[in-house]
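This short report is for a reader meeting the structure for the first time. Please look over the sequence and the model before going on.

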Amino acid sequence: MQLYPRPIPDGLIVRVAEPRIDAASAIAFKDAMQAVTQDQPGRRVVLDLAEVGFIDSSGLGAVVAVYKLLQPDRVLELARLAPSVERVFRLTRMDRVFALHGDLPEDMRDAG
Amino acid sequence: MPGETANEGVCLRFAATPASVRAALMRLFDPPSALPLAADHAATAQLVLAEVLNNIVEHAYTCDGGDIALTCRLTGGDLAVRVVDRGCPLPKGAAEPPGPAALAGGLSEGGYGWFLIRSLTRDLTYHRRAGRNVLTFYVNP
């Protein structure tokens, strides 16, 4: 599981350098996310999913598990979802739980 | 992974493990795809098949491993799927349509699989025959 975290002023962006978050990688994803977010200051954790082309319900469950791990002091947000990945979040109503961003926070600041 | 491609479809047989399920899905849906489907239909089909196959890995073959036989057949743009395994029977009602409470449980880490399968398929049938589970359905375009 290749995760690349980098700090932003109010938290952390974590780039997921994997094509799939599925039943074969869900546990590794959750464990790796726990490791990279541990002891990181800041309120936001933004998951950059631009390289992820497929997620199943096991992967979705792992993202929910990470969300719960970060509570109550930190919030997990999702950015740059492929259409097929975003659809899974919308079908399961998870778009009501997670903020889904088209761009990364720093890109939005540049644009503004 | 033994398999054969005919004009009308693809048959695969593979071990019921998460890694083998992933390899089967990648063979079916990663370029060059064994199934010529439109992008949206392929994305739906991959999600549905992932849920069906991983359910078998996690719930049907709980103790002993086993094989899964998957047949995907294209008929006039429609994708018909048949999945056979020799694991435990499905619990009664597992494949029934979800009630309105299916997603009402708040922030759960599981339980989305059958909801997705029922939402994205039609004419789903389940039979227990001679120690085998036989599931058939069409993937909605």
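## A buried threonine

In this predicted model, A:Thr37 is buried, with a relative accessible area of 4%, where buried means under 20%, exposed over 50% and partly exposed in between, for a 1.4 Å probe and protein chains only. A:Thr37 belongs to helix 1 of chain A, residues 26-37; helices are DSSP runs of H or I with at least four residues and strands are runs of E with at least two, both numbered from the N terminus.

If neighbours within four places in sequence are set aside, A:Thr37 is in contact with A:Leu12, A:Val45, A:Leu70 and A:Arg74, contact being defined as heavy atoms within 4.5 Å.

## A hairpin in chain A

Strand 1 (residues 3-8) and strand 2 (residues 11-16) of chain A pair in the antiparallel sense over six bridges, and two strands are taken to pair if DSSP finds at least two bridges between them. These strands of chain A form a hairpin with two residues between them, and A:Tyr4 has A:Arg15, in strand 2, as its bridge partner.

## Chain B as a whole

Chain B has three helices and six strands, which follow one another from the N terminus in the order β-β-α-α-β-β-α-β-β. Of its 141 residues, 41% count as buried, and among the contacts in chain B between residues at least 6 apart in sequence, 56% join residues at least 24 apart.

## The largest cavity

How many cavities of 30 Å³ or more are there? The count comes to one, and the largest cavity holds about 40 Å³ of space. A cavity here is a set of points, on a 1 Å grid over the protein atoms alone, where a 1.4 Å probe fits but cannot get out, and its lining residues have an atom within 4 Å of a point; grid points are joined across faces, edges and corners, and the volume is the space filled by probe spheres set on the points.

The lining of the largest cavity includes A:Asp22, A:Asp56, B:Pro18 and B:Asn54. Helix 1 (18-29) and helix 2 (39-60) of chain B are the elements that give two or more residues to this lining, and helix 1 of chain B supplies the largest share, four residues.

## Notes on the model

Residues are numbered from 1 along each chain as its sequence is written, and chains are lettered from A in the order in which they are written. Local features need pLDDT of at least 70, and side-chain atom pairs count only at pLDDT 80 or more, whereas totals for chains, interfaces and linings use all residues; side-chain values use heavy atoms, with hydrogens and water left out.

Conventions
1 Å grid on protein atoms, 1.4 Å probe; cavity = no way out; pocket = protein on both sides within 12 Å on 5 of 7 lines; lining within 4 Å.
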